[in-house]
Amino acid sequence: SLPFTVATALVHGSVGLEHFSPEAMKDPRVLALAARCQYKVWEHADNAVAGALRLHRPQDRLLVASFMEPLGAPTRPLDDSRLLQKATDCFQRAARPRAAEAADAHARAWLDVAGCEDVGVLLQPA
């Protein structure tokens, strides 16, 4: 899945749930780029989520990026707006999807879970 995910990020500029639909997983641009991706275990990593990316561009330019912790890790938490965006997207794609406004409201309620008197309310189906 790593070559597909990297190719998706390069082709679309982001990776979201919509990129893993049956139709999206057949995108010829993503599949062609994924076929050109290679990976290996990074021996310099202190943990399983660290990594580096080397991108060889046609202009003979080499771009390199590395990270020890991915975005969303405890040391690099998502800000509230990104958390809301991710949660809303998930609630809209659930087995029992919520409409956009309801998904946003539900995500905001979860973001304020510490102030909730009865978390059972948050677990109710849509």
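Okay, some ground rules. Residues are numbered from 1 along each chain as its sequence is written, and side-chain values use heavy atoms, with hydrogens and water left out. As this is a predicted model, local features need pLDDT of at least 70 and side-chain atom pairs count only at pLDDT 80 or more, while totals for chains, interfaces and linings use all residues.

Let's start with charges. Side chains of opposite charge can pair when their charged atoms come close. Here, a salt bridge means a side-chain nitrogen of Lys or Arg within 4 Å of a carboxyl oxygen of Asp or Glu. How many salt bridges does a search of the whole structure find? It finds four.

One of them joins Glu18 and Arg93, at 3.6 Å from N to O. Those two sit 75 residues apart in the chain, so this pair links distant parts of it. Arg93 also meets Asp89, at 2.7 Å, and together Glu18, Asp89 and Arg93 make a network of salt bridges.

Then there's Arg29 with Asp27, their closest N and O atoms 3.2 Å apart. Are these two buried or exposed? For that we use relative accessible area with a 1.4 Å probe and protein chains only: buried is under 20%, exposed is over 50%, and partly exposed is in between. Arg29 is exposed because its value is 51%, and Asp27 is buried because its value is 13%.

Last stop, Leu123: it comes in the segment after α4 (100-111), and it's exposed, at 60%.

Key:
Helix = DSSP H or I, 4+ residues; strand = E, 2+ residues; numbered from the N terminus.
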